[in-house]
Amino acid sequence: MKVTQKDQILFFFSNNQDMEYTPSDIYKEFPTFAQSSIRRILKQELVKRDNKLIQESYGHYNINDEIIEVIYRKIL
């Protein structure tokens, strides 16, 4: 199974829950990803469609707390 950019970004957020991140922060972690792809994945896919991230303030994203609970339930 191929790991997508979306999966990698979501995994990053699930392991780094203590801060809000901007698309620039994500780009620093994944420099091979195009910045436009990062913005699209964050806004259109993870926030609007999947509801896995929340937009804390303009340009700052964090993982949705409800998703963290689901992830932990699947692990246990």
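In what order do the elements of the protein run from the N terminus on? The order is α-α-α-β-β-α, and the secondary structure comes to four helices and two strands; helices (H or I, at least four residues) and strands (E, at least two) are DSSP runs, numbered from the N terminus. This is a predicted model, in which local features need pLDDT of at least 70 and side-chain atom pairs count only at pLDDT 80 or more, while totals for chains, interfaces and linings use all residues. Residues are numbered from 1 along each chain as its sequence is written, and side-chain values use heavy atoms, with hydrogens and water left out.

**Surface and contacts**
- Of the 76 residues in the protein, 34% are buried (buried means under 20% relative accessible area, exposed over 50%, partly exposed in between; 1.4 Å probe, protein chains only).
- The protein exposes about 5,400 Å², of which carbon and sulfur atoms supply 51% (Shrake-Rupley method, 1.4 Å probe).
- Among contacts (heavy atoms within 4.5 Å) between residues at least 6 apart in sequence, 51% join residues at least 24 apart.

**Nonpolar core**
- A nonpolar core is a set of buried Ala, Val, Leu, Ile, Met, Phe, Trp, Tyr and Cys residues joined through side-chain atoms within 4.5 Å.
- The largest such core has 17 residues, and Ile 9, Phe 13, Ile 26, Leu 42 and Leu 53 touch the most other members.
- Helix 1 (5-15), helix 3 (35-49) and strand 2 (60-63) each give two or more residues to this core, and the largest share, five residues, comes from helix 3.
- Not counting residues up to four places away in sequence, Leu 53 touches residues including Leu 10, Phe 13, Leu 42 and Ile 63.

**Salt bridges**
- The whole structure holds three salt bridges (a side-chain nitrogen of Lys or Arg within 4 Å of a carboxyl oxygen of Asp or Glu).
- Lys 6 and Asp 50 pair at 2.5 Å, N to O; this links helix 1 with the loop between helix 3 and strand 1, 44 residues apart.
- Arg 40, Glu 45 and Arg 49 form a network, with 2.5 Å from Glu 45 to Arg 40 and 3.7 Å from Glu 45 to Arg 49.
- Glu 45 is buried at 14%, Arg 40 is partly exposed at 35%, and Arg 49 is exposed at 56%.

**Loop residues**
- Asn 51, in the loop between helix 3 and strand 1 (53-57), has a positive phi of about 60 degrees although it is not a glycine.
- Most residues other than glycine have a negative phi.
- Thr 22, in the loop between helix 1 and helix 2 (23-29), counts as buried at 16% relative accessibility.
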